[in-house]
Amino acid sequence: MAIEHANVLRAAHLARLGVSDAQAERYVDDLSRILEMVDRLSEIDTEGVAPLSHPLDATQPLRADEAIETDRRDTFQGIAPATADGLYLVPRVVE
Amino acid sequence: MHDKTLAELARGLAAGDFSSRELTTSLLERIKRLDPVLNSFITVTDEQALKEADAADALRHKGEAGILSGLPLAYKDIFCTEGVRTSAGSKMLDNFIAPYNATVVEKLKHAGTVSLGKTNMDEFAMGSSNENSWYGPVKNPWNPTLVPGGSSGGSAAAVAAGFVPAALGTDTGGSIRQPAAFCGITGLKPTYGRVSRYGMIAYASSLDQAGPMARTAEDCAMLMNAMAGHDTRDSTSVSRNVPDYTQGLDKPLNGLKIGLPVEYFGEGLAPEVETAVREAVRVYESLGAQVIEVSLPHTSMAIPAYYVIAPAEASSNLSRYDGVRFGHRCDDPADLEDLYKRTRAEGFGDEVKRRILIGTHTLSEGFFDAYYRKAQQVRRLIRQDFLDAFARVDVLMGPAAPTTAFELGAKADPVQMYLQDIYTIAINLAGIPGISVPAGLVDNRPVGLQILGPHFGEAHLLNVAHVYQQATDWHQRRPEIKE
């Protein structure tokens, strides 16, 4: 399946990745060649084959719902671009 | 001291031939003198290293030293190291000082090892040549016009150059084994789940696995003893007994059944690599092994399946880099969307963006079944190929890469670069372990023999690799590095 300009812009928006129109054009080319290689998967008959998402077919183990981590908010916020009063700062969302 | 193995250095420290401080100082000096040529380190932690060396020497003085006490190593810059920048080779994390240690770092620290620093890598482990690092490419110690392989290229080059006797790498599609092959060292990718991924910056979570890179299989075994095991902080790490990997290394190989996958000796394999690998197989025959031909019929589907699954997982994992909690943030964002989009456009490099876009596209509405679901079905068939093969043979052997190290800049086309991983990628999809061992030099370029085993067969792989290294001397060859 070929990828079109609009697909690239849509993926870029979904991924919140800034891509200009000119850059998108270049990605159409790169990504088309990658997808062309990927399209070879369709040569294989996978009728009735269960998808494999974990190489050991393991399922998610559960544990008791207990707090095991200590509160390290100050340490973690110490590496944030902008914080105030224990909150992360971002541009105003609601006027 | 720089050309000794980890095991030799351990014996030297135990015998009191030198202290950890002397060893550490000598290696730091070598890094300072020669790494400007190779660029294998992103961060050298000299002060901290000397403190750790002194602590190890003090423990030894009290008679409390363990087998790894005072031994220097380095971490691929993908492992979180508390108080030390952990960049993943990306501008996005250039300012990221990790607030905690990865579990493997914690375990090796607890075992008394001394970290000399963080090694260079392809950005977020996406690459096969180490040319995708924001900190510039790494050069191959055997010849600085060649790539060291990737993505753990800095770790491979640092070991080959004698900067450290061992380093940690990660392997999502060949990122330990291919650079180990290109640099003439030994690199093990353990079974998926054998080593904790906690604190290892995620690329593709169902494929990523950490492993040791060193001169010999024996050294890898020593490190695996400290690294392997269940971790409650990584729910995909496996709760299963950890053997002593250094026991049984010498076990004779009489009657060992080796399978040679026909698909690993076909079109695209450089003749000089094939010659070296077949010669290595003959060495095994002389050691009493039997060789039979086997088939892994879905081999050609491994790269297509990987380039759906890995980018899909990456697009999800990398969504955390949003310019809000840590890492790069763009200047003067107009609104939240602008903050996200510009931060990510500025922070990520080209290959990372390509994979985010591919992953987002293939997971998006209307494409999911044709790509992601299909790739996961093919993944099961690929794994079944290996399970069928291991019902007939003990190990599989073949080349780690189709060629020896190539020139920097030689593979500008992404798809050409992806094809580098033809012999390594299926192993990650299947979750089995694999090791690359030095098996030849062609025009002063190392060749790697790849040995594969069934799930949790790493002790046997290390045994098979070690016996070969007792019979050959490829792992003892060292490059000459000019200042």
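Where is the place of D388(B) in chain B? This is a predicted model, where local features need pLDDT of at least 70, side-chain atom pairs count only at pLDDT 80 or more, and totals for chains, interfaces and linings use all residues. Residues are numbered from 1 along each chain as its sequence is written, with chains lettered from A and ligands numbered from 1 in the order in which they are written.

**View 1. D388(B) sits in helix α12 (residues 368-390) of chain B.** Helices here are DSSP runs of H or I, at least four residues, and strands are runs of E, at least two, numbered from the N terminus. D388(B) has 13 C-beta neighbours inside 10 Å, so it counts as partly exposed (20 or more would be buried, 12 or fewer exposed, with C-beta atoms placed from the backbone). Its C-alpha atom is 8.6 Å from that of L296(B), 92 residues apart along the chain.

**View 2. Helix α2 (residues 21-38) of chain A meets helix α9 (residues 302-317) of chain B, with axes within 8 Å.** The two axes, lines fitted to C-alpha atoms over the stretch in contact, cross at roughly 125 degrees (angles run from 0 to 180 degrees between N-to-C directions). That makes α2(A) and α9(B) oblique to each other, meaning not under 35 degrees (roughly parallel), over 145 (roughly antiparallel) or 65 to 115 (roughly perpendicular).

**View 3. I34(A), M37(A) and V38(A) in α2(A) meet I303(B), P304(B), Y307(B) and V308(B) in α9(B).** Contact means C-beta atoms, placed from the backbone, within 7 Å. By class, it's seven nonpolar, no polar and no charged residues (nonpolar: Ala, Val, Leu, Ile, Met, Phe, Trp, Tyr, Cys and Pro; charged: Asp, Glu, Lys and Arg; polar: the others, Gly among them).

Technical notes
Two residues are in contact if their C-beta atoms, placed from the backbone, lie within 7 Å.
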